[in-house]
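Subject: Structure handover

Hi there,

Have a look at it first, and then read on for what turned up.

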Amino acid sequence: MKIVKFGGTSLASGPQLEKVINIIKSDPERQVVVVSAPGKRFANDIKVTDLLITYANKVLAHEDLTEIQKLLTARYTEIAEYFDLPTDQVTPIVEHILNLPKQQYPSHEFLLAAFKAHGERLNGMLTAKIMTYLGIPAKFLNPDDAGITVEGSPNDATISEESYAKLNQIEVGNERIIVPGFFGYTNQHEIATFARGGSDITGAIMARGLHADLYENFTDVDAIYSANPAVVEHAFPIDQMSYVELRELSYAGFSVFQNEAIIPAIQGKIPINVKNTNHPDRPGTMIVPKKDALYNRPITGVAGSSRFSALYLHRYLLNKETGFTLKLLQIFYKYGVSYEHMPSGIDDLTVIFDKSHLTETTISKMCAEIKEALHPDQMEWIDNYAIIMVVGEGMRGRVGTLDHILHSLAIKNIGVRMINQGASRISIMIGVNKELANPAIKQIYHEFFQTEPMSL
């Protein structure tokens, strides 16, 4: 059995949904389908999820809802009309949209979560209706009925372990099962959404819970590439990679999956195939357990992200001062700040943060307290910081990869601010100034991928 997930671009319009339905019916093993909310139909379009967020905010602000309700209704009716779905089949979906403000919610946060989740929920209902109308038996399975129970905050929920036992009891018969991604239900039967990339999370959850043979994730790219094609023209497509490689590269900017999105599939040891809805016959990229992966290069991919900032501290004999790091961590805890990395020397220490989690006020107050409490000889906040990840299982048994990387950067006069190699020996983290990130990625790529890109 295959679990199949389709992203928002794949479901943005009637013609796109027609491609999806053809993919589903072309393989009888594609029995469980996870759907996203309709995405953008064209460059300046608005995703349905973003429309729903606007809808929720207007409700909370007691503003007129007429226009936003029309926009949302039009997105779903447009898709239904493409397939000539009878009006009475579409009416329940329109009623759901209009009735959202009339429901009772425990808090504003739960209201926002419920509104956001309806992009996927209504698309799942509509997809099941259209498929059945076209003679492909399908049923909509709400996450509450499936047993997807979540914990945590309303808009950043996590799956509860008890869900997997319930999912394992789902009977898969002749009907295709259509599951909306992105959300689950609390023990109080309130809707709560996962973080960004939530439909990918649902797909991975379903794959693990149903012990699928394969999790197919359809998106709008032919494969995962060895570097961002927007940075490296004609970047080499990756035929196969390990779970760990994908996690490492996702951390530094690979945009196919959010960093945590596929953890349930990894836990269930389910192979993942990333494919293109517009070119479904192309092989895409297989993501497999390390023991099943094959490598013909030391490096699988290189990625970079500029979402980081760094705090540099210098103090003589810092390595001999008991409690210095403890005091520093206590200040971070006081301000609710987590750090990403903390490379250090005998007299200095650099703390790297994800700056998307920080505000200017927090940075200012935190730095002032660090200066007062720790009295560093030198302290600098670095905003233009980027991290590059060079990743490959093939590096594990190879000597000289780091030297090769640094030499290639030196040739281009690209200075390195930080280097960290993980204990697994399959990843090397390099810190550079933000403006040097793309030149560094290009240089590393061209040093390790000299052959012509393989055609898919």
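Let me start with a pair of helices: α13 and α14 cross in a right-handed way (right-handed if the near helix is turned clockwise from the far one by less than a right angle, left-handed if anticlockwise). Before the rest, please keep in mind that this is a predicted model, where local features need pLDDT of at least 70, side-chain atom pairs count only at pLDDT 80 or more, and totals for chains, interfaces and linings use all residues. Residues are numbered from 1 along each chain as its sequence is written, and side-chain values use heavy atoms, with hydrogens and water left out.

**Helix pairs**

Two packed helices are described by the angle between their axes and the distance between the axes. Helix α13 covers residues 401–411 and helix α14 residues 437–448; they pack at about 125°, and their axes are 9 Å apart. Helices and strands here are DSSP runs numbered from the N terminus (H or I with at least four residues for helices, E with at least two for strands). Axes are lines fitted to C-alpha atoms, for helices over the stretch in contact, with angles from 0 to 180 degrees between N-to-C directions. The two helices are therefore oblique to each other (angles under 35 degrees count as roughly parallel, over 145 as roughly antiparallel, 65 to 115 as roughly perpendicular, and the rest as oblique).

On the α13 side, the contact (heavy atoms within 4.5 Å) is made by Thr401, His404, Ile405, Ser408 and Leu409, and on the α14 side by Ala440, Gln443, Ile444, Glu447 and Phe448. These residues divide into five nonpolar, four polar and one charged. In this scheme Ala, Val, Leu, Ile, Met, Phe, Trp, Tyr, Cys and Pro are nonpolar, Asp, Glu, Lys and Arg are charged, and the others, Gly among them, are polar.

Next come α2 (residues 48–60) and α5 (residues 108–133), which pack at an angle of about 150° with axes 8 Å apart. They are therefore roughly antiparallel, and their crossing is right-handed. From α2, the contact includes Val48, Leu52, Tyr55 and Val59, and from α5 it includes Leu111, Leu112, Phe115 and Lys116. The residues of this contact divide into ten nonpolar, four polar and two charged.

The axes of α3 (residues 66–82) and α4 (residues 87–99) come within 10 Å and cross at roughly 160°. This pair is therefore roughly antiparallel as well, and its crossing is right-handed. Gln69, Leu72, Thr73, Tyr76, Thr77 and Ala80 of α3 meet Val90, Ile93, Val94, Ile97 and Leu98 of α4. Eight of the contact residues are nonpolar, three are polar and none is charged.

**Cores**

Which residues have the most contacts inside the largest nonpolar core? They are Ile3 and Met206, in a core of 53 residues. A nonpolar core is a set of buried Ala, Val, Leu, Ile, Met, Phe, Trp, Tyr and Cys residues joined through side-chain atoms within 4.5 Å. Apart from that core lies another, of 47 residues, including Ile21, Val48, Leu72 and Met125.

Leu72 sits in helix α3 and is buried, at a relative accessible area of 1% (buried is under 20%, exposed over 50%, partly exposed in between, with a 1.4 Å probe and protein chains only). With residues up to four places away in sequence not counted, Leu72 touches Val48, Leu51, Leu52, Tyr55 and Ile97.

**Individual residues**

For Leu317, phi is near 60°. Leu317 lies in the loop between β15 (301–314) and α11 (324–334) and is exposed too, with a relative accessible area of 54%.

Finally, Met286 belongs to strand β14 (residues 285–288) and is partly exposed, at 25%. Among the residues that Met286 touches are Leu214, Asp239, Met241 and Pro271.

Best wishes
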